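Open the structure in your viewer and keep the selection tool ready. Each stop below tells you what to select and what is there.

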Amino acid sequence: MKKTRGLFKFRNSKYWWISYSFQGDYRCESTKTTDVTKAREILKQKRAEIEAAKAGLVQLPGAESRRATISSLTEALKADYVLKDRHSIKGITSHLKQVNAVLGDMRVSDLRAKDLTNYQMTRKRQGAAGGTINRELALLRRAIRGFLEEHRLPVPRVQPLPENVREGFFSRVEVESVVKHLPPEVADFVWFGFYTGWRKGEIASLRWDDVDAEARTIRLSWRKSKNKQARTMALEGALAAIIKRQSIARAERVLKGHDSPYVFVRADGTKSHGRPFDDISVVWRRACKAAGLEGRVFHDLRRSAARNMDRAGVSRHVAMQITGHKTESMHRRYNIVDDADLRAAMRRTQQYLDTLPSEK
């Protein structure tokens, strides 16, 4: 072994290693660097951690805890989501897959802020959006926070990346142009989203048990709501017509022996016939492209509903109850001002100015 100032190298390793003792326990760790200057900095940091541990400020993880990897804790987080029947499990699985691909093999106790910065740079090079990267790192922190707090180790943080806030929305005419290219059952699904502003997963989760025909209401279970709050929607006008059409379609399925507990189901004659919508992205993209609205997303309907309620004079409190926004800041974020709003504002301003006296 080659030694130098508290560092050493194994003959079969290209990395510098450090050794230290704490409370009678001799420990040896790789610095995972071939640069002796960086290795000395790591040794210096480790010695500082030992001094802090002796003072009771932090706790150095034991041998078993040091073996805990990021992937093991992200898997535990996914298991917790499954256990609690979180409807966002598909989304977090996709995000954590990216985290594990880059950081999964790293020991949690070795994670530092610079590693998170490097992760951001790696994902940016891969073409990921700032918002996506922020979601991934938020899930990573959620997965490792308990472990680090238990061992009184700091949770590494990094400045979140700027996010491109989507500003898309649909006018009624644009929705009409899209649904022309959709199957009838999907068209009703889209219209329901346009009128209510409910999330795609929330609409897909609706069951006939949630429909109260006498009270003319439909109830979203708190288990299927993103903010874990149940919501009730009055079935009036177009919404009542949508549910009536789906009820007629259900009666026809029952006659054919294909009943389903869900309100919105597939009717394509395949094995998926009668199953709830889990993904309409393919038909949605095709319809938007055919309507000349390529690039629009289903979530734009949610923004549109919030804006329409605001324009219709619906109180913010009631609108938030309908769309399921938990905070006013999020609701305000969805109230998008477009060019038509600006022009209307300028016309009203000009009309007012025209009423004022002028010099002649």
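Select Arg216. At 44% relative accessibility, Arg216 counts as partly exposed, a label for values between buried (under 20% relative accessible area) and exposed (over 50%), taken with a 1.4 Å probe on protein chains only. Arg216 sits in the loop between strand E5 (211–212) and strand E6 (217–220). Helices (H or I, at least four residues) and strands (E, at least two) are DSSP runs, numbered from the N terminus. Now check the backbone: Arg216 has a positive phi of about 55 degrees although it is not a glycine. Most residues other than glycine have a negative phi.

A word on the model before moving on. It is predicted, so local features need pLDDT of at least 70 and side-chain atom pairs count only at pLDDT 80 or more, while totals for chains, interfaces and linings use all residues. Residues are numbered from 1 along each chain as its sequence is written, and side-chain values use heavy atoms, with hydrogens and water left out.

**The whole chain**

Zoom out. The chain has 15 helices and 7 strands. Of its 360 residues, 39% count as buried. Take the contacts (heavy atoms within 4.5 Å) between residues at least 6 apart in sequence: 56% of them join residues at least 24 apart.

**Stop: Thr33**

Select Thr33. You are in the loop between strand E4 (25–30) and helix H1 (36–54). Is Thr33 buried or exposed? At 12% relative accessibility, Thr33 counts as buried. Show what Thr33 touches: Tyr15, Trp16, Lys38, Ala39 and Ile42, not counting residues up to four places away in sequence.

**Stop: helix H4**

Select residues 89–103, which are helix H4. H4 has 15 residues. From first C-alpha to last, H4 reaches 20 Å, close to the 21 Å expected at 1.5 Å a residue. That expected span is 1.5 Å times one less than the number of residues.

Color Ile92, Leu96, Val99 and Leu103: these are the buried residues of H4. Now look down the axis of H4. The buried residues fall within an arc of 50 degrees, so they line one face of the helix. The arc is that of the directions from the helix axis to the C-beta atoms. Turn to the face away from the buried side and find the exposed residues Lys90, Lys97 and Ala101. What do the buried residues of H4 pack against? They pack against helix H3 (70–83), H5 and H6.

Stay in H4 and pick Ile92. At 5% relative accessibility, Ile92 counts as buried. Ile92 touches Lys78, Tyr81 and Leu139, not counting residues up to four places away in sequence. Then draw a distance from Ile92 to Arg135. They are 43 residues apart along the chain, yet their C-alpha atoms are separated by 8.8 Å.

**Stop: H4 against H6**

H4 and H6 pack at an angle of about 80 degrees, with their axes 9 Å apart. Axes are lines fitted to C-alpha atoms, for helices over the stretch in contact, and angles run from 0 to 180 degrees between N-to-C directions. H4 and H6 are therefore roughly perpendicular to each other. Angles of 65 to 115 degrees get that name; under 35 is roughly parallel, over 145 roughly antiparallel, and the rest oblique.

Show the side chains where they meet. From H4 come Ile92, His95, Leu96, Gln98, Val99 and Leu103; from H6 come Thr132, Arg135, Glu136, Leu139 and Leu140.

At 30% relative accessibility, Arg145 counts as partly exposed. Arg145 and Val155 are 10 residues apart in sequence and 6.3 Å apart in space, C-alpha to C-alpha.

**Stop: helix H5**

Select residues 113–125. This is H5, with 13 residues and a reach of 19 Å from first C-alpha to last, close to the 18 Å expected. Asp115, Leu116, Tyr119, Gln120 and Arg123 are buried here. Down the axis of H5, the buried residues fall within an arc of 145 degrees, so they line one face. The face turned away carries the exposed residues Lys114 and Arg125. Just after H5, find Gly127, with a positive phi of about 95 degrees.

**Last stop: H8 and H12**

Select helix H8 (residues 184–196) and helix H12 (residues 299–311). They pack at an angle of about 40 degrees, with their axes 6 Å apart. H8 and H12 are therefore oblique to each other.
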